[in-house]
Amino acid sequence: MDIPGNIEFLEVGPRDGLQNEKNLVSTANKLALIDRVIDAGARRIEVTSFVNLKRVPQMADAEEVCAGLPLRDDVTFIGLVMNQRGAERAIATGRIDQLGAVAVSTDTFAMANQGQTSGESVEAAKAIIELARAEGRTGQCTVAASFGCPFEGEVSEDRVIEMALAIAEAGPVEIALADTIGVANPAHVARLVERVRQAVQPLPVRVHFHNTRNTGLANVWAAVVAGATIVDASLGGLGGCPFAPGAAGNVPSEDVVYMLERAGVRTGMALDKLIEASNWLSGVMERKLPGMVAQAPHFPKAA
């Protein structure tokens with residue numbers, strides 16, 4: 001088994017973690033969350049999304065969040081965008097370093113998520129990446145529902161590879177595979193990550209897992225061993241997609257960091273600060289969060 005010495009950690013809590021929450025989180029608390037994960041070591045953060053506020057009201061303050069971001073040359077702030085209008089909004093803030101596009105593996109989910117077919121979502125993602133580069137930013141793309149669709153069921157691996165190859169033509173910094181509804185298993189993850197990695201190299205492969213069926217951490221491990229070099233996670237395990245029924249919970253940042261660091265895979269993250277941040281976020285949300293490490297005794301105990 002080839003275990004890498006390190007991975008790149010990407011915190012998605014401020015966007016994917018919060019987007020499905022019914023109770024609106026204040027802009028001040030979103031900015032405090034971003035500050036806390038930066039303090040814990042995060043250097044790539046998905047801070048917000050530029051989408052229809054009527055469909056995703058939790059992200060209605062995207063411009064306000066961007067206006068309050070700290071001035072950090074060492075942190076890449078990412079804005080999720082679905083179309084050219086969203087991309088233009090993100091660029092206009094002057095604070096978004098990287099545009100994150102989304103292409104969806106099936107027509108039914110693509111129509112629910114962004115009002116276009118799967119093929120149209122690929123073309124839209126390519127246009128976003130090209131616009132980002134033209135505006136002096138970088139772009140990346142996530143292939144949503146790479147491991148299964150909430151409407152159409154199983155997704156062909158060949159379709160995901162076909163999409164990844166098409167998107168790679170636009171020059172993204174990476175291709176991400178997302179288990180949007182948490183149906184993946186480690187064998188499937190290892191196989192698809194390896195196939196996509198071989199297809200798009202030298203572009204890196206990023207992974208994004210939901211823990212809906214309690215396989216998220218196992219899938220992170222399978223992906224890392226198979227060659228994924230960037231891992232998404234959300235503080236406390238918050239997350240979900242408004243347009244994918246049952247898509248609950250991202251893999252928790254603190255749980256991912258604990259697992260990888262204990263296995264000798266460096267993440268650049270400070271676990272104690274992540275746990276503090278998770279406990280703080282639990283207070284903001286006024287409930288216990290899904291992450292397990294923040295609820296467990298520290299191990300090993302401090303000397």
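1. Cover here rests on contact, defined as heavy atoms within 4.5 Å. Helices (H or I, at least four residues) and strands (E, at least two) are DSSP runs, numbered from the N terminus. The buried residues of α6 are S118, S121, V122, A124, A125, K126, I128, I129 and A132.

2. Basis of the model. This is a predicted model, in which local features need pLDDT of at least 70 and side-chain atom pairs count only at pLDDT 80 or more, while totals for chains, interfaces and linings use all residues. Residues are numbered from 1 along each chain as its sequence is written, and side-chain values use heavy atoms, with hydrogens and water left out.

3. Length and end of α6. Helix α6 covers residues 118–134, and its 17 residues should span 24 Å at 1.5 Å a residue. The expected span is 1.5 Å times one less than the number of residues. The end C-alpha atoms of α6 are 25 Å apart, which agrees. Just after α6, G136 takes a positive phi of about 75°.

4. E123 sits in helix α6 and counts as partly exposed, because its relative accessibility is 48%. E123 and A226 are 103 residues apart along the chain, and their C-alpha atoms are separated by 28 Å.

5. V102, on strand β4. V102 belongs to β4 and is buried, with a relative accessible area of 9%. Leaving aside neighbours within four places in sequence, V102 is in contact with L80, V81, M82, N113, Q114, S121, A125, C141, T142 and A144. V102 and I128 are 26 residues apart in sequence, with 9.5 Å between their C-alpha atoms.

6. S49 lies in strand β2 and counts as buried at 1% relative accessibility. Not counting residues up to four places away in sequence, S49 touches R15, M59, A62 and L80. V56 is placed in the loop between β2 (44–50) and α3 (62–67). V56 is buried too, at a relative accessible area of 4%. V56 and L31 are 25 residues apart in sequence, and their C-alpha atoms are 18 Å apart in space.

7. Helix α10. In α10 (residues 253–262) the buried residues are S253, E254, D255, V256, V257 and L260. They pack against β1 (8–11), α9 (216–226), β8 (230–233) and α11 (271–285). Just after α10, G264 takes a positive phi of about 90°.

8. Backbone exceptions. Most residues other than glycine have a negative phi, and most peptide bonds are trans. N214, in the loop between β7 and α9, has a positive phi of about 65° although it is not a glycine. N214 counts as exposed at 67% relative accessibility. E286, in the segment after α11, has a positive phi of about 60° and is likewise not a glycine. E286 is exposed, with a relative accessible area of 71%.

9. Cis peptide bonds. The bond from Q201 to P202 is cis, with omega near 15°. P202 is found in the loop between α8 (186–200) and β7 (205–209). A cis peptide bond also joins F299 and P300, with omega about -10°. P300 lies in the segment after α11.

10. The chain as a whole. The protein chain has 11 helices and eight strands. Its radius of gyration is 18 Å, close to the 19 Å that the globule rule gives for 303 residues, so the chain is as compact as a globular protein of that length. The radius is taken over C-alpha atoms, and the rule is 2.2 Å times the number of residues to the power 0.38. Along its principal axes the C-alpha trace spans about 55 × 45 × 35 Å. Of the 303 residues, 56% count as buried. Among contacts between residues at least 6 apart in sequence, 73% join residues at least 24 apart.

Note on methods
Buried < 20%, exposed > 50% of the residue type's maximum accessible area, 1.4 Å probe, protein only.
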